[in-house]
Amino acid sequence: MSAEGATSTGADRHILLVGAHRRDRAARCRELVLPPPLLPAVSAHRRLRGPYTAAGTLMRAVVPGVFAERPDLVSTHEVEILSVAPELRDLVPASLETLTSLASPAERTRYYSRLRTRRIAHGLTDFLLAVLSADGTGSRSVFVDALDQADPTDREFVAVLLRRMPARLLTLVVGGTEALLVPPVPDERLEPGTKGNEELSPSVLERHCRRVDAPRSSQGAAGGAEMSGDGPDEAAAAAAERYVNGDGTDDELLAAYLRAPLSARRELHDLRAAELRADGQRSWAFGAIPYHLMHGADPLGAGTAALLDAMDDCMRHGFYDAAIDFCDRGRALVDRERDFGLWWKLTRKLPTCLSAMGRAEEAEAICDEARARTRDAAIHIECAYATAMLYTRHREAGRRDHVRAMAWINEAIAIASLLPDPKDRAFNTVFHSNGLALIEAHRKRPLAALDLVTSGIATLDRELGADEHHLHRSVLRHNRAQVLTALGRLDEALTDLRAVVEVDPYYPEYHFDLANLLRRAGRWQEALDEYRTALRLGPPFPEAYYNRGDLRNELGDTEGALEDFTLVLELDPDFTDAYVNRSGIHLAAGDLAAAERDALAGLVESPDNPHLLAVLGQVHGEREEHEAARAAFDRALAADPDLVAALCGRATVAHATGHAAIALADLERAVALAPDDPAVRFNHAYLLQDAGRWQEALAELDIAAGLAPDDPDVLLARDDCRARVTVS
């Protein structure tokens with residue numbers, strides 16, 4: 001990326017502001033000619049408020065004004081707004097609580113996907129686009145600094161904003177050190193094939209931003225105190241106090257802070273923590289408060305308590321990077337030999353978080369470490385379950401081992417059966433038997449899975465009170481619906497899913513699953529209604545738009561399908577199937593340029609995708625670019641020899657270029673693969689007629705007419721062929 005010193009934003013480019021120090025970047029930003037600021041400069045430094053430090057600051061500034069004028073827009077994005085700025089609950093009613101969000105830590109058995117943060121980023125972007133588009137005040141700007149020190153949630157949010165927010169509407173000034181431009185190293189800790197979130201990578205910055213450098217100023221941040229006439233000790237003490245009151249985000253003050261006596265530093269940290277707690281804003285608890293208490297007078301007491309509080313809330317929201325960080329920071333403080341109980345509190349959620357992040361090897365190592373350190377039955381149950389899930393769910397498909405998973409889950413069930421408390425014994429046995437049911441489903445034993453889940457539901461109904469473990473009961477019912485669906489028992493599955501939706505009506509994934517099931521049952525309007533509900537209840541997710549678009553396309557609503565597939569690609573530009581379907585719609589409509597654009601864009605992400613290659617072949621074929629068409633169809637069939645569209649397309653090219661035998665061979669294979677497709681039969685008949693094989697052609701057209709009795713082209717061709725056969 002080339003550096004620029006220009007001070008104008010341009011109409012279509014955001015700005016990357018690079019400088020070694022915060023003060024220098026702020027000074028350089030003030031020199032830029034920018035649209036009016038949406039709010040004062042925002043720091044994304046995770047030491048302030050942890051996950052979504054920058055996004056939360058933005059929402060706290062914007063939402064109150066929008067809520068006063070457009071409460072409907074705020075309520076539409078309630079989930080994502082309150083996820084990043086929990087203090088806005090005093091203003092924005094939390095009307096979409098789910099059993100997951102309401103469950104106590106002891107009853108929490110369901111966690112969000114790691115991709116939820118991507119959905120939140122898109123929901124916030126949709127909100128800002130709606131606000132700024134209707135604002136009427138023209139272009140605005142915002143300076144988001146310290147992104148090299150930001151939590152991954154903020155980096156992802158800014159990456160989405162850079163891609164989707166037009167600079168003419170909101171010019172983003174993205175600030176940080178040269179570290180922002182260091183290419184990411186592939187994370188070898190991740191399971192192969194783990195789908196990542198959107199990255200604020202150097203390539204993203206280069207694509208959407210022009211670079212501006214912030215030169216180093218001649219005077220250091222601490223120099224002002226020394227020039228004021230104070231002595232060195234007083235200046236250092238003042239700088240240390242500024243460092244702590246800035247929540248440790250100004251590296252230029254770090255040296256002076258370290259020169260202050262340890263006792264003085266601890267006192268400053270405790271005072272600042274007390275001040276932030278008195279402020280009452282919950283998001284301080286995810287950044288500055290645990291940071292200060294870790295460096296205060298009681299790191300093992302108040303410090304670890306703050307870390308545990310932050311870890312639990314971040315895990316509940318699916319902010320797994322931060323949750324892992326809090327666990328690691330606490331574990332580094334605690335001597336596991338002296339205080340194993342505290343060490344375990346800071347360790348027990350790590351396997352779940354690491355698994356969610358695709359870091360299965362580390363998760364298993366944590367389980368092994370805990371098993372080697374204790375004979376506590378509860379810990380062994382947890383670790384056995386976590387290890388079983390690693391081998392049946394979280395490892396790459398080729399590295400899963402369901403037999404090993406069975407061994408671990410059976411150990412968990414065996415220990416659970418020995419627990420002395422009847423309710424604990426019942427719940428733990430059922431919970432881990434549900435894990436066994438998942439393994440059985442993966443082993444293609446759905447009836448065994450069904451028996452386990454059904455038995456578990458009955459046990460909880462018998463052993464627990466009506467007000468206990470609502471969340472896990474809904475999970476069991478949902479799981480049973482999935483098994484029943486796999487068995488083709490759709491009416492029973494619908495009964496279970498509707499019961500789940502009734503007790504947890506604001507959980508969007510349940511409505512998504514219900515929509516898929518209704519679609520499979522042929523109840524299309526109900527399915528469309530449920531897709532709409534799923535999209536209304538939470539941050540946007542591409543799978544719901546894709547499935548709805550696919551259904552709309554099947555029902556002939558190509559305009560609605562195009563809208564949905566376009567939204568899919570706005571949310572996830574790497575969603576190959578959306579390119580496949582959208583390019584197919586463009587091709588059917590005769591828009592060859594749009595079909596080609598989509599096919600080529602999809603092939604960037606998936607270069608051997610046979611469906612996209614077939615579309616590309618058809619585009620070239622329509623343009624009579626026969627060599628290019630044949631090459632595309634050949635590539636498609638190399639990837640999928642049974643792709644009927646590619647066989648038919650290659651046959652068309654072969655016929656057009658005088659290779660009748662090749663064309664017939666391809667269409668004969670297509671007929672064998674798709675005997676109930678009238679179009680394939682019709683095309684085969686055409687080639688048979690062309691070869692003078694009228695009797696065989698008539699037989700094909702008779703079949704085609706039976707499959708498509710109202711198709712005038714088929715009927716006319718059959719009449720003509722019949723006349724030829726009769727004459728001969």
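## Basis of the description

Because the model is predicted, local features need pLDDT of at least 70 and side-chain atom pairs count only at pLDDT 80 or more, while totals for chains, interfaces and linings use all residues. Residues are numbered from 1 along each chain as its sequence is written, and side-chain values use heavy atoms, with hydrogens and water left out.

## Overall make-up

The protein chain contains 38 helices and six strands. Helices (H or I, at least four residues) and strands (E, at least two) are DSSP runs, numbered from the N terminus. Taken along the principal axes, the C-alpha atoms of the protein chain fill a box of roughly 115 × 75 × 45 Å.

Of the 728 residues of the protein chain, 52% count as buried. Buried means under 20% relative accessible area, exposed means over 50%, and partly exposed lies in between, with a 1.4 Å probe and protein chains only. Contact means heavy atoms within 4.5 Å. Among contacts in the protein chain between residues at least 6 apart in sequence, 66% join residues at least 24 apart.

## The strands

Strand β4 (residues 140-145) is mostly covered, with six of its six residues buried. Arg140, Val142 and Val144 are buried on one side of β4, and Ser141, Phe143 and Asp145 are buried on the other. Two strands pair if DSSP finds at least two bridges between them. Strand β3 (residues 42-43) runs parallel to β4 and is joined to it by two bridges; serine 43 has aspartate 145 of β4 as its bridge partner.

Five bridges join β4 to strand β5 (residues 170-176), again in parallel, and arginine 140 has leucine 170 of β5 as its bridge partner. Together with helix α8 (residues 152-164), β4 and β5 make a right-handed β-α-β unit. Right-handed here means that, with the strands pointing away from the viewer, the path from the first strand over the helix to the second runs clockwise.

Strand β6 (residues 209-213) is largely enclosed by the rest of the structure, because four of its five residues are buried. Strand β2 (residues 14-18) pairs with β6 in the parallel sense over five bridges. Valine 18 stands opposite aspartate 213 in β6.

## The nonpolar cores

In soluble globular proteins, nonpolar side chains tend to be buried together. A nonpolar core is a set of buried Ala, Val, Leu, Ile, Met, Phe, Trp, Tyr and Cys residues joined through side-chain atoms within 4.5 Å. The largest nonpolar core has 187 residues, of which Leu58, Met59, Phe127, Leu147, Phe157, Leu162 and Leu205 touch the most other members. Apart from this core lies another, of ten residues, among them Ala239, Tyr243, Ala256 and Tyr291.

Not counting residues up to four places away in sequence, methionine 59 touches Pro64, Ile81, Val84, Ala85, Leu88, Leu124, Phe127 and Leu128.

Helix α19 (residues 360-373) has 14 residues and reaches 20 Å from its first C-alpha to its last, close to the 20 Å expected at 1.5 Å a residue. The expected span is 1.5 Å times one less than the number of residues. Ala360, Ala363, Glu364, Ile366, Cys367, Ala370 and Arg371 are buried in α19. Seen down the axis of α19, these buried residues fall within an arc of 155 degrees, so they line one face of the helix; the arc is that of the directions from the helix axis to the C-beta atoms. Their covering includes α16 (320-333), α17 (340-345), α18 (350-356), α20 (377-394) and α21 (402-416).

Helix α29 (residues 558-571) also has 14 residues and reaches 20 Å from its first C-alpha to its last. In α29, the buried residues are Gly560, Ala561, Asp564, Phe565, Val568, Leu569 and Leu571. These pack against α7, α8, α28 (542-554) and α30 (576-588).

## Selected residues

Arginine 119 belongs to helix α7 (residues 116-133) and is buried, with a relative accessible area of 12%. Leaving aside neighbours within four places in sequence, arginine 119 is in contact with Pro508, Glu509, Gly538, Pro539, Pro540 and Phe541.

Aspartate 247, in the loop between α11 (232-245) and α12 (254-259), has a phi near 60 degrees, a positive value in a residue other than glycine. Aspartate 247 is buried, with a relative accessible area of 2%. Glutamate 624 has a positive phi of about 60 degrees although it is not a glycine. Glutamate 624 lies in the loop between α32 (610-622) and α33 (626-639) and counts as exposed at 61% relative accessibility.
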